[in-house]
Structures are given as structure tokens and as C-alpha cells.
Amino acid sequence: MSARRNGPAIRTRTRAELRRVRRPRAHSCWDHLYAAPLWPLHGANLGTLARTCDAVGACLTVPRFPWVPEALARGNTLRQPLCTHWTGDPLAWLEKQRGRGLRIVGVELADEAVRLADLPPAREPTVMVLGHEQTGIPPEALDLLDACVEIPMIGTGASLNVAVAGSLALYKLAGLL
């Protein structure tokens, strides 16, 4: 048996150490990875997803619903502003991104969906589309997707909330998982 060391075996990093290895300020738009919850239902989930966007260097694209700005302001506890893109009609925005040559990946239960574990990192500018938390991505938007990713579940629920599903897929697309 080995002798026990004095003090904890695991040491957490100090805030000063974390500041030295992370970005000193918010990123400007890198035009590489977008989280697009285009049919949001719950405001609290948008704020949580905003924090994940910051963590992975992604931009957030949201519709101009009257309640969305306040939901983002309340839920985003970051000190720096987040790179946020505002859109009107979600379908028109998705068509515009396709026209720009961006890859569009939907998080949706579909026959053609690839499992999250098999999703490759985004090597080209990519939009990750999230649907409504109860009804998913509308059928008219599915034709605008280049691919679908499914998050496997063994429980009784039909889906995860937008913040959790979006965070898992963003980390995978950013190549951090």
C-alpha cells in the first residue's frame, strides 16, 4: 500500500490560473459554429445555452420574440456580452445560411440521424439547429438540414431540454469531446 500524501491528491485550479489559459475577453464573431434554437420555448434554457456558446467559442442565433432579450439577459451570467445573431423568420435565415455554404446540422430524432458519439467535429462553418422543446424541428425546416444528430436516451423521456441537448452537441461539434 502506498503512503498517503499530505493534503488533497487533487488540486483545483485557481481563478488566476484559469484566467491565464482562457480568452481574456469575449470573442467576436468567428463565423464558424452557431447554436440556433430557432423555435425556443423556455427562456431559462436560452441563458444556459448562451453560457455553453461562450465556453466552446460559438455564436448564438435566436429569433426576435419579445421575451427572448430579457431571457438572455437574465440567464446569461457572463461578464462579457455574447456573440448573438438575431433573426426574424427562422426558415428564411436557414435558407440564407445554406446559400452562404454553411453546413446545417439539426438535433432531432430522425431515421437518418447519426448518434451523438459518431458526430464529427465541425471542420467547416456549421449551424446547429435546435427545435421546439415539445414538437422538435418543424417539418418544413427538415429539408434545409444537411444532417441530423440524435442523442441516445434509455429513459422514458422523449427528449432533453434545449440547453442540455444543445450543450452536448455543441461540445461535440467544437471538438471538445
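**View 1. Helix 2 and helix 6 are roughly parallel to each other, because angles under 35 degrees count as such.** The model is predicted; local features need pLDDT of at least 70, side-chain atom pairs count only at pLDDT 80 or more, and totals for chains, interfaces and linings use all residues. Residues are numbered from 1 along each chain as its sequence is written, and side-chain values use heavy atoms, with hydrogens and water left out. Helix 2 (residues 43–56) packs against helix 6 (residues 162–173) at an angle of about 10°, their axes being 8 Å apart. Axes are lines fitted to C-alpha atoms, for helices over the stretch in contact, and angles run from 0 to 180 degrees between N-to-C directions. Helices (H or I, at least four residues) and strands (E, at least two) are DSSP runs, numbered from the N terminus.

**View 2. Residues of helix 2 meet residues of helix 6.** From helix 2 come N45, T48, L49, T52, C53, A55 and V56; from helix 6, V162, A163, G166, S167, L170 and Y171. Contact means heavy atoms within 4.5 Å.

View 3. Two strands pair if DSSP finds at least two bridges between them. Strand 2 (residues 59–63) and strand 3 run parallel and are joined by four bridges; V62 stands opposite W86 in strand 3.

Note on methods: Angles under 35 degrees count as roughly parallel, over 145 as roughly antiparallel, 65 to 115 as roughly perpendicular and the rest as oblique.
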